[in-house]
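My plan is to look things up one at a time and jot down what I find.

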Amino acid sequence: GVVKNAPAQKAGIQPGDVITAVNGRPVNRRSTVFRAIGEAVPGSSVRVSLTREDGSTREVAVQIAELDERKQKEEFGRLLANYGVIAKDLSYSMMK
């Protein structure tokens, strides 16, 4: 899916689009997209190549936004929950 008012939607990415490359790197796994976005500096842009449901192709520039830490943890928690994983911060005593 595409999150409303997020950088991907603002760049023109639509539900059903298939991302085929990021910054020229072919994409065959979601982790490739996540890694490329994670390596980018907030405020910069990444080039995203995609194929639409009708078979047309295009390239869009997606501006990387900065997430605040609280929001990022919430999003990560939801992602893990989708896979049946619950993550918690470790206390100092748990790390020993």
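Here are my entries, from the whole chain down to single residues.

**Ground rules**

I am working with a predicted model, in which local features need pLDDT of at least 70, side-chain atom pairs count only at pLDDT 80 or more, and totals for chains, interfaces and linings use all residues. I number residues from 1 along each chain as its sequence is written, and side-chain values use heavy atoms, with hydrogens and water left out.

**Confidence**

I checked pLDDT, the predictor's confidence in each residue, from 0 to 100. The chain averages 81, and 71% of its residues score at least 70. A note to myself: where pLDDT is low, the predicted coordinates should not be read in detail.

**Layout**

I found four helices and four strands. Helices (H or I, at least four residues) and strands (E, at least two) are DSSP runs, numbered from the N terminus. Along the sequence I read the pattern α-β-β-α-β-β-α-α.

Next I looked at contacts, meaning heavy atoms within 4.5 Å. Of those between residues at least 6 apart in sequence, 43% join residues at least 24 apart.

**Surface**

I looked up the accessible surface, which comes to about 7,600 Å², with 53% of it belonging to carbon and sulfur atoms. These areas come from the Shrake-Rupley method with a 1.4 Å probe, and for residues only the protein chains shown count as cover. I call a residue buried under 20% relative accessible area, exposed over 50%, and partly exposed in between (1.4 Å probe, protein chains only). Buried residues make up 21% of the 96 in the chain.

**Helix α2**

Which residues of α2 are buried? I listed T32, V33 and A36. Seen down the axis of α2, the buried residues fall within an arc of 100 degrees, so they line one face of the helix; the arc is that of the directions from the helix axis to the C-beta atoms. This is a handy reminder that an α-helix has 3.6 residues a turn, so residues three or four places apart point the same way. On the other side of α2, I noted R30, F34 and G38 as exposed. The cover over the buried residues of α2 includes β1, β2 and β3 (45-51).

I zoomed in on T32, which lies in α2 (residues 30-39). T32 counts as buried because its relative accessible area is 13%. Leaving out residues up to four places away in sequence, T32 touches P26 and V27.

**Q14**

I moved on to the loop between α1 and β1, where Q14 is found. Q14 counts as partly exposed because its relative accessibility is 40%. Beyond its neighbours within four places in sequence, Q14 is in contact with V2 and R52. I also looked up Q14 and L50: they are 36 residues apart along the chain, and their C-alpha atoms are separated by 9.9 Å.

Most residues other than glycine have a negative phi. N5 sits in the segment before α1 (7-11) and counts as exposed at 51% relative accessibility.

N23, also not a glycine, has a positive phi near 50 degrees. I placed N23 in the loop between β1 (18-22) and β2 (25-26), and at 34% relative accessible area N23 is partly exposed.
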